Amino acid sequence: MNIFVSNINYRTQNESLLNLFASYGEVTSARIITDRETGRSRGFGFVEMPNDDEAKAAIEAINGKEFEEKVLNVSEARPREERAPRRNFGGYHNHRGGYGEGRGNYGNNDRF
């Protein structure tokens, strides 16, 4: 079972999260999500436990409990939703507004 954990202390490491859940059963992985640009924790993560009964017991026991100075929110993770691909609408590519309104003229547009 995939478990979602939020309100994680920004100083918490993957290993300590894994150890917290390991006291309730086998843990396949524990991963705190980090910002791509800064590498800083985003305050949430995922724990994977292969045995559903152990995972449910861990969720029940850990949800609402304090861990490393923060009260954790723990629940079964929902499946990831499909997202549409990102498109670039900003800057030069949209040809709207700005100088010359995309006409290539950076001066007065009254002569067009």
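Q: Which residue forms a salt bridge with glutamate 69?
A: This is a predicted model, in which local features need pLDDT of at least 70, side-chain atom pairs count only at pLDDT 80 or more, and totals for chains, interfaces and linings use all residues. Residues are numbered from 1 along each chain as its sequence is written, and side-chain values use heavy atoms, with hydrogens and water left out. A salt bridge is a side-chain nitrogen of Lys or Arg within 4 Å of a carboxyl oxygen of Asp or Glu. The closest N and O atoms are 3.0 Å apart, and the partner of glutamate 69 is arginine 11.

Q: How many residues apart are glutamate 69 and arginine 11?
A: Glutamate 69 is in the loop between β4 (66-67) and β5 (70-71), and arginine 11 is in the loop between β1 and α1 (14-22). Helices (H or I, at least four residues) and strands (E, at least two) are DSSP runs, numbered from the N terminus. The pair links distant parts of the chain, its residues being 58 residues apart.

Q: Is glutamate 69 buried or exposed?
A: Buried means under 20% relative accessible area, exposed over 50%, and partly exposed in between (1.4 Å probe, protein chains only). The relative accessibility of glutamate 69 is 60%, so the residue counts as exposed.

Q: What is the phi of asparagine 7?
A: Asparagine 7 lies in the loop between β1 and α1 and is partly exposed, with a relative accessible area of 30%. Its phi is positive, in a residue other than glycine, and is near 65 degrees.

Q: What separates the C-alpha atoms of asparagine 2 and glutamate 48?
A: Asparagine 2 lies in strand β1 (residues 2-6) and is partly exposed, with a relative accessible area of 32%. Asparagine 2 and glutamate 48 are 46 residues apart along the chain, and their C-alpha atoms are separated by 4.6 Å.
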